[in-house]
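Hello,

Here is the structure I promised to pass on to you. Have a look at it first, and then read my notes below.

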Amino acid sequence: MPFIGPLLYYDFKIKAFIIMLLYNKNPFRILVLAAFVSVDIITNTVLAQSKVTLAQSKVTLAQSKVTLARQNALVPDSIVIRKIYESALTTHQSYDNLRYLTHKIGGRLSGSNQEAQAVVWIKSLLEQLGLDSVYLQAVTVPHWVRGIKEKARLITTEGKAIRLDVCALGGSVATHGKLRARVIEIKSWAELAALPEQQIKGKIVFFNRPMDPSNVEVFESYLEAVDQRNRGAIAAAKRGAVGTLVRSLTLAKDDLPHTGAVSYEEKTKKIPAAALSTNSADKLSQALQTTPNLVVELEMNCQQLPDIQSFNVIGQITGSTYPTEILTVGAHIDSWDLAEGASDDGTGIVQTIEVMRIIKDLHPERTVRAVLYVNEESGASGGLKYAELAKLSPEKQLAAIESDAGGFTPKGFRIDASPEVAEHIRTWDMLFKPYQVEWMKPNQRGIDIAPLKGIAKALISLDCDDQRFFDIHHTAADTFDKINRRELQLGTAAMASLCYLLSKHGL
Ligand SMILES: [Zn+2]
């Protein structure tokens, strides 16, 4: 009965009206009286609504005042950020550095000569910036070598051989000559678990679960599919397989195999693991439908050499007011060996160096430290070492930022922090909107900074447009020509801006 309230409210007037109705026979008077009561009711209703509208307006006004106050408070920062963007967008130095790194040094496999050369080169660039200190941090890294180019062929029952485009996964054991075995195709872990052991024993397990093309973020699809590459060799060996082939982790349809680390465990036999290009994976899958008995021949000469000493490269600008509060910005030095390691993670290296150039001129209140990590791709021992020493240090690790998302157009940041700290960082989002850096999401993706969880207050990764990243990721196509100078500079500017805000306001 929604009208019961108003009826009670108007009770007196309605009662008076009924009395008048009963005792007054004059229709004209009744009409006038009815009109009077109606007008009164309408007026009071309108008045009540106006009061509600007024209260709402007051709330909106208060909110606008808060927003305006926030915007006003950010004006000095917005002026500095404009200058940071101007500086980043008007110098070609980072792009020139990337050309040198990729063309003169090249791919930087963990433990390789090229990685050692990159360490020396990065250290000298940081020294040239005139930072307060530049030093190396010793790290023991694995040293795996690919050997001569891998080969794979599928051989039909009639003896016809068809070439497959293949590469060894990083860290894989060799085949020691030609490994010839029948193949069993697997599309899910459940399928592998359900197969009787005799159907897997002595075979090559072919993991062929494609990345999901329906995700808007390709990175999501990669993360959903990467378990096949990481854990496939262990799972297959446990069921008696003699090798694995993994569909390359990409949405591209081409002949490029994508490498990446494979994991082994102590008590399980280490079996050779290789990636197939998506075209070759489809070719093999189709051939298996018509010829389930076909054999694949795989030849890989890779070798795990003894661990070797390498170095994280560190350079810092000491904070003028809070020198023991540390903010790190970084990327990884190593790359895979199939190409120049331009996108992954040459872009992050040159962006980090450029951030330091820009921040130095801003005289930060808190210490800003560049950390270039070794061995991200096959064990993250550089990141682990930095975190291990940071934990022992009396310094306060404020935040760690990493650029390792390909060096394409920056889209936002991903933050791992307590809700309060994350909210504090998110209050700066309006400073980034004019530069099309649109989001601050949870779940950072930097592998090198992940060991700082629980040590640093916030872990933050740069998020980039990832539509092209996984076309070249860990392949022979990860070359300098794929990098756009403007996109690279925009990423530098976004990172430098966040560094500036963190160094000024703290957490
Ligand atoms: Zn990377």
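In which kind of crossing, left-handed or right-handed, does α11 pass α16? The crossing of α11 with α16 is right-handed; a crossing counts as left-handed if the near helix is turned anticlockwise from the far one by less than a right angle, and as right-handed if clockwise.

Before you go further, please note that this is a predicted model, in which local features need pLDDT of at least 70 and side-chain atom pairs count only at pLDDT 80 or more, while totals for chains, interfaces and linings use all residues. Residues are numbered from 1 along each chain as its sequence is written.

Back to the helices (DSSP runs of H or I with at least four residues; strands are runs of E with at least two, and both are numbered from the N terminus). Helix α11 covers residues 342–360 and helix α16 residues 485–505; their axes come within 9 Å and cross at roughly 50 degrees. Axes are lines fitted to C-alpha atoms, for helices over the stretch in contact, and angles run from 0 to 180 degrees between N-to-C directions. That makes α11 oblique to α16 (under 35 degrees is roughly parallel, over 145 roughly antiparallel, 65 to 115 roughly perpendicular, and the rest oblique). Among the residues that meet are Val355 and Ile358 in α11 and Leu488 and Met495 in α16; contact requires C-beta atoms, placed from the backbone, within 7 Å.

Helix α4 (residues 93–105) also packs on α11, at about 135 degrees and with the axes 9 Å apart. So α4 is oblique to α11 too, and their crossing is right-handed. The α4 side of the contact includes Leu98 and Leu101, and the α11 side includes Ile349 and Val350.

Now for the sheet. Eight strands form an open sheet in the order β1-β10-β12-β11-β13-β16-β14-β15, with mixed pairing; two strands pair if DSSP finds at least two bridges between them. β1 (133–145) and β15 (439–442) each have a single partner strand, so one side of each is left without a neighbour in the sheet. From one strand to the next, the twist averages 25 degrees. Within the sheet, β11 (residues 322–332) and β13 (residues 396–402) pair in the parallel sense over six bridges, and Leu327 stands opposite Ala399 in β13. Helix α13 (residues 419–426) packs on the sheet, where it touches β14 (410–417), β15 and β16 (458–464).

Enjoy exploring!

Notes: Contact = placed C-beta atoms within 7 Å.
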